[in-house]
Amino acid sequence: MFVPTTFAAALLMTVLSTVCWGSFANTFKGTRNYRFELYYWDYAVGIFLISVVLAFTMGSFAGGPTAFLANLHSADNLNLFYAALGGFIFNIANVLLVAGIEIVGLAVAFPISIGIALVEGVVLSYALQPRGNPVLLGAGVCMAVVAVVLVGKAYGALRATVVSRRGVMVCVISGLLMGIFAPFATRAMTRGNTLTPYTTAVFLTLGAFLCCFVFNTILMRKPIVGSPVSAGDYFRAPGSYHALGLLGGAIWGTGTVFNFVAAPGGSGNLVRDRTGIADGGLLVGSFCLERISRGQCAGKRISGSDVCGVSSSTGADRVGLRGMTSAAPLRARPPSD
C-alpha cells in the first residue's frame, strides 16, 4: 500500500485532508430547496465508493501483506466490526451536522460541532493514550478554541443575530458524537491483527452507509426540520443534486483516507491527530463562506442559499455567530420552531 515516506508528503496529505473536510459541505449548499435527508443518501454512497476506489488503487500499491485484499483476509473480524461501528456512530454525528447546517447555516454549525469534537477528541485521546507534551497539546486546544470564538465574533459583527436553540442543540449533539467515534477506528488499527488505513476507511464508510438505512430513514419519517419526505422525492430530484451529493461524499472520503494514511506511525495518534487537524477544516469552510459573501452580499442568492445571511435552504433563521460566543442568552425562534 502507499504510505508517505517523507514529512513533506505526509504534510501535503494532511493539508489536503483539511481542505476536503472544510469544503465538502458546500456541495449541500449548492442545492436549492433540497432536503438534507435526501442529499445524504448520495453523500453516503460517495464516501463509501471513494474509499473502495482508493483501497484498490493506493491501498493495493506494490502488493504484499498490507495490500487491501490481503489485509482484509488477515485482519481480526473484531477489528472490522470496530471500524464499522465507528462509522455508524460517525454517520449519526454527520447527519446531525448536515441537519445543523440546514437549520442555522454552515458558518454556525461548523464551529459548534467541529469545535466540540476537537476539544473532546483531543482530551479523550490523551486520556486513552498519554503521549506527547500535555502543555503543548493544551495550548493548541486553547488556541483552537480562541480561533472558533474569533470566527464567531467576526460573523456576529456582520449581522444581527437570531440563533435557533434547536439548531444549536443539534450541533452540540453532533459534536459530542463526532468526538467519540475515532477511538473505535484507532482500536481497529492498533490491536491484534490490525487493519491498514485503507481497510479501516472502507469499513468505516460502510458502517456509515448502513447507518443511513436506520437513522436517515427515521429522519425522513420524523424530520428535525420541515415535513416528512419519501423515497419518491429522492428519485424526483434533479440529477445535478445527486451528483453534488456524490461529489460531497467523494471529497470527504478522500480527506478521511488521506488523514488516516498520513497519521504518524500509520495509526498510533489517530484520535488526537484527526480531531486536531479537523479544526483546520473549520477555517477552510469559514474562508470559503467569507470569499463568497464578499462578492455576493447585496442580498443575492446562490443555489437557494443566502450566503451573506448564511440561511438554510428551507428558510431557517439568518444567523451570525455572535450568539454562540457571547454570554447573552440565545433568542428563541418563533413558536413554529
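Visitor: What makes the span of α1 close to the expected one?

Guide: The expected span of a helix is 1.5 Å times one less than its number of residues. α1 has 17 residues and reaches 24 Å from its first C-alpha to its last, close to the 24 Å expected. Helices here are DSSP runs of H or I with at least four residues, strands are E runs of at least two, and both are numbered from the N terminus. In α1, the buried residues are A10, M13, T14, S17, T18, C20, W21, G22 and S23.

Visitor: Where do these numbers come from?

Guide: This is a predicted model, where local features need pLDDT of at least 70 and side-chain atom pairs count only at pLDDT 80 or more, while totals for chains, interfaces and linings use all residues. Residues are numbered from 1 along each chain as its sequence is written, and side-chain values use heavy atoms, with hydrogens and water left out.

Visitor: Which elements make up the chain?

Guide: The chain has 14 helices and zero strands. Of its 337 residues, 53% count as buried.

Visitor: Why is S113 called buried?

Guide: Buried means under 20% relative accessible area, exposed means over 50%, and partly exposed is in between (1.4 Å probe, protein chains only). S113 has 0% relative accessibility, so it counts as buried. You'll find S113 in helix α6, residues 106-128.

Visitor: And why is V145 called partly exposed?

Guide: V145 has a relative accessible area of 37%, so it counts as partly exposed. V145 lies in helix α7, residues 134-156. Between V145 and I116 there are 9.0 Å in space, C-alpha to C-alpha, and the two are 29 residues apart in sequence.

Visitor: What does the side chain of S113 make a polar contact with?

Guide: The side chain of S174, at 2.9 Å. A polar contact is a pair of N or O atoms within 3.5 Å; within protein, one must be able to donate a hydrogen and the other to accept it, and residues adjacent in sequence count only if both atoms are side-chain atoms. Plain contact means heavy atoms within 4.5 Å. Not counting residues up to four places away in sequence, S113 touches L97, C171, S174, G175 and M178.

Visitor: Which residues have the most contacts inside the largest nonpolar core?

Guide: I101, F110, I224 and W252, in a core of 73 residues. The largest share, 13 residues, comes from α5. A nonpolar core is a set of buried Ala, Val, Leu, Ile, Met, Phe, Trp, Tyr and Cys residues joined through side-chain atoms within 4.5 Å. Leaving aside neighbours within four places in sequence, I224 is in contact with L96, A99, I103, R166, V170 and L219.

Visitor: Why is the pair of F28 and Y39 called tilted?

Guide: Rings of Phe, Tyr and Trp (its six-membered ring) pair if their centres lie within 6.5 Å; planes under 30 degrees apart count as stacked, over 60 as edge-to-face and the rest as tilted. The rings of F28 and Y39 have centres 5.0 Å apart and planes at 55°, so the pair is tilted. F28 sits in helix α2 and Y39 in helix α3, 11 residues apart.

Visitor: Why are Y34 and Y241 a tilted pair?

Guide: Their centres are 4.9 Å apart and their planes at 55°, so the pair is tilted. Y34 is in the loop between α2 and α3, and Y241 is in helix α12, 207 residues apart. Y34 is buried, with a relative accessible area of 4%, and Y241, at 14%, counts as buried.
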